[in-house]
Amino acid sequence: MTATTSPQPEAAEAERIAALRALALLDTPREERFDRITRTAQRLLDAPIALITLVDVERQWFKSCQGLGISETPRSASFCAHAIRSDDIMVVADSHLDPRFVDNPLVTTSPYIRFYAGKPLRSPSGHRMGTLCVIDTEPRADLSDADRAALTDLAAWAELEFSVVAMSRAVTERDELRGRVEQLKDEIISVTGHELRTPLTGIRGSLGLLAAGVAGPLPDEARRMVDTAVRNTDRLIRLVNDMLDVERLAAGSMPIKDETVDLADVVDSAIEALAPVAAEASVTFDVRAEPVAVSGDKDRLVQVVSNLVDNAMKFSAQGALVSVTVSADGSSAVLKVRDRGCGMPPEQLATIFDRFAQLDSGSARSRAGSGLGLAIVRGIVEAHAGSVSVESSPGEGSTFTVRLPRRGNGS
Amino acid sequence: MTHRVLVIDDEPDIREITQLSLERLAGWHVETAGNGVDGEAMAVRERPEAILLDVMMPELDGEATARAIRAHSETRDTPIVLMSAATQLPEWAAELGVRGLVAKPFDPMTLADAVRGHLNW
């Protein structure tokens, strides 16, 4: 038997052992995927014993074992440790005639090995992990060509199963990693959000006190600067709030109350709060809301209407009309918000409810917003077992439709 | 009408802004404490009409402080309004008789109105 051709046998063996550890099959439970291979080898080669072995540092361990009542042997007594030195099938026709094995305890005592034929098995990384081998307690002439072919095919099958095991583990690990990354991202947003609020409270508070004249009356120019600072701080605060809302909606950790809410009341509250902004933008509201009861969280539903109407105003020209309607449609409550703005091309509609969707669209960027408003709308609506959709075409304006299950109406 | 309130918050800047806002803009009298232990002692000693309590504080947090305050007969029924970076009342709020929440960041111009609203003043 020739020794390994590697110039650094110890380094090569260390690498092989690392690959064996990476395969992570040592000391795992029996698996049918490997047992069916050894059963087939046993039958095809008419052998009392068939094994899939993994050659470890000090032992060989049997991933699958037919006809033998043990799960491992010392490596020093291992035939397979010899077999894995090359890619070829190693045949020991009669152990009593082979000086390497004549004194082997597996030959001189149970299981009294006389005949051995082992085909090395490569890991997906290309390292020889162990063998698929058949063993007889009687000597044999040699291995027939048909038996060689069968052993070679079955070994290829076993290597395929190694790959399947490695791949399914890789998929599991990737999914776990994705989950961890997602979780970490949510945590970062949450912690950052809270950490941003404290300094923002200090900034917004100081600016507010200055604007209120607590430090004395401000000259006109200073007053304008403070107003600008207040406006931009408020914008930053909205962004932080929106980010936290999106994060909580994505994580499913936003508490949603379950109360009877009149959707018409919700619209009234939202419109009332937006009146000053509408006046500034010279946008007129046309509200037609009939009372329709839904189950949910009034504050969150007000947020839905506010975000949709705010969005509609952003895309409205001066003096334009924004229509808001609430109606019942069978078991659904239907809210529609329509603007007469520039509308959107179909490719933009597909991503309009995604987080930061607006960041992709250059034209809309001038209209200040976090790009999170519609993502929050969808998150809240879905948390209420509802759906939101949009119809739009360029030049025609857009209509957003929210459908929520009506309360106590067979839904 | 002059109200006497106690502000408990670990952030000195927030304490100062809250105090300036409520004293200078609303004309209230404000005492401040920088941690839950001092806040509890001050609450019992000064008997304020209401307590504005930060939720996230090191060592004694908002909940522990509220529990400590409620354990004294002098402050068993003193109205507590939370000031928090969270936008919703924590679970323990109802049990400890919390009257409402002022979300941080707040507008100092309207802080007194927000507190009044929670206390029906």
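Guide: What follows covers a helix, its packing partners, some backbone details and the chain contact. Keep in mind that this is a predicted model.

Visitor: How do you know that the span of helix H5 of chain A agrees with its number of residues?
Guide: Helix H5(A) covers residues 145-211, which is 67 residues.

Visitor: Where does H5(A) bend, and by how much?
Guide: The bend is at Pro199(A) and comes to about 25°. After the helix comes Gly213(A), with a positive phi near 85°.

Visitor: What makes H6(A) and H10(A) a packed pair?
Guide: Their axes are 9 Å apart, at an angle of about 35°. H6(A) is residues 220-251 and H10(A) is residues 373-383. The contact uses Asp242(A), Asp245(A), Val246(A) and Leu249(A) from H6(A). From H10(A) come Ala375(A), Ile376(A), Gly379(A) and Ile380(A). Contact requires heavy atoms within 4.5 Å, so these residues qualify on that cut-off.

Visitor: Which classes of residue make up that contact?
Guide: Between H6(A) and H10(A) there are five nonpolar, one polar and two charged residues.

Visitor: Which hand does the crossing of H6(A) and H10(A) have?
Guide: H6(A) passes H10(A) in a left-handed crossing.

Visitor: What is the crossing angle of H8(A) with H10(A)?
Guide: It is roughly 145°, and the axes come within 9 Å. H8(A) is residues 298-314. This crossing is left-handed.

Visitor: Which residues of H8(A) and H10(A) meet?
Guide: H8(A) brings Arg300(A), Gln303(A), Val304(A), Asn307(A), Leu308(A) and Asn311(A). H10(A) answers with Gly373(A), Leu374(A), Ile376(A), Val377(A), Ile380(A) and Val381(A). By class, that is seven nonpolar, four polar and one charged.

Visitor: Which residues touch Phe285(A), neighbours within four places in sequence aside?
Guide: Ile271(A), Leu274(A), Ala278(A), Val309(A), Met313(A), Leu321(A) and Val322(A) are in contact with Phe285(A). Phe285(A) sits in strand E8(A), residues 284-289. Val309(A) is 24 residues from Phe285(A) along the chain, yet their C-alpha atoms are 9.2 Å apart.

Visitor: Cis or trans: what is the peptide bond from Ser110(A) to Pro111(A)?
Guide: It is cis, with omega near 10°. Pro111(A) lies in the loop between helix H4 (105-108) and strand E5 (115-122) of chain A.

Visitor: And what is the bond from Lys104(B) to Pro105(B)?
Guide: That bond is cis, with omega near 0°. Pro105(B) is in the loop between strand E5 (98-103) and helix H4 (111-119) of chain B.

Visitor: What is the phi of Glu59(B)?
Guide: It is positive, about 55°, although Glu59(B) is not a glycine. Glu59(B) lies in the loop between strand E3 (50-54) and helix H3 (62-70) of chain B.

Visitor: How many residues does each chain bring to the contact between chain A and chain B?
Guide: Chain B gives 18 residues and chain A gives 18. Together the chains bury about 1600 Å², with 68% of it on carbon and sulfur atoms. Ile17(B), Gln88(B) and Pro105(B) supply 34% of the area that chain B buries against chain A, more than any other three residues.

How values were computed. Residues are numbered from 1 along each chain as its sequence is written. Chains are lettered from A and ligands numbered from 1 in the order in which they are written. This is a predicted model: local features need pLDDT of at least 70, side-chain atom pairs count only at pLDDT 80 or more; totals for chains, interfaces and linings use all residues. Side-chain values use heavy atoms; hydrogens and water are left out. Axes are lines fitted to C-alpha atoms, for helices over the stretch in contact, and angles run from 0 to 180 degrees between N-to-C directions. Helices (H or I, at least four residues) and strands (E, at least two) are DSSP runs, numbered from the N terminus. A crossing is left-handed if the near helix is turned anticlockwise from the far one by less than a right angle, and right-handed if clockwise. Ala, Val, Leu, Ile, Met, Phe, Trp, Tyr, Cys and Pro count as nonpolar, Asp, Glu, Lys and Arg as charged, and the others, Gly among them, as polar. The expected span of a helix is 1.5 Å times one less than its number of residues. The bend at a residue is the angle between axes fitted to the seven residues ending there and the seven starting there. Buried area is the accessible area (1.4 Å probe) that two parts lose on being put together, summed over both.
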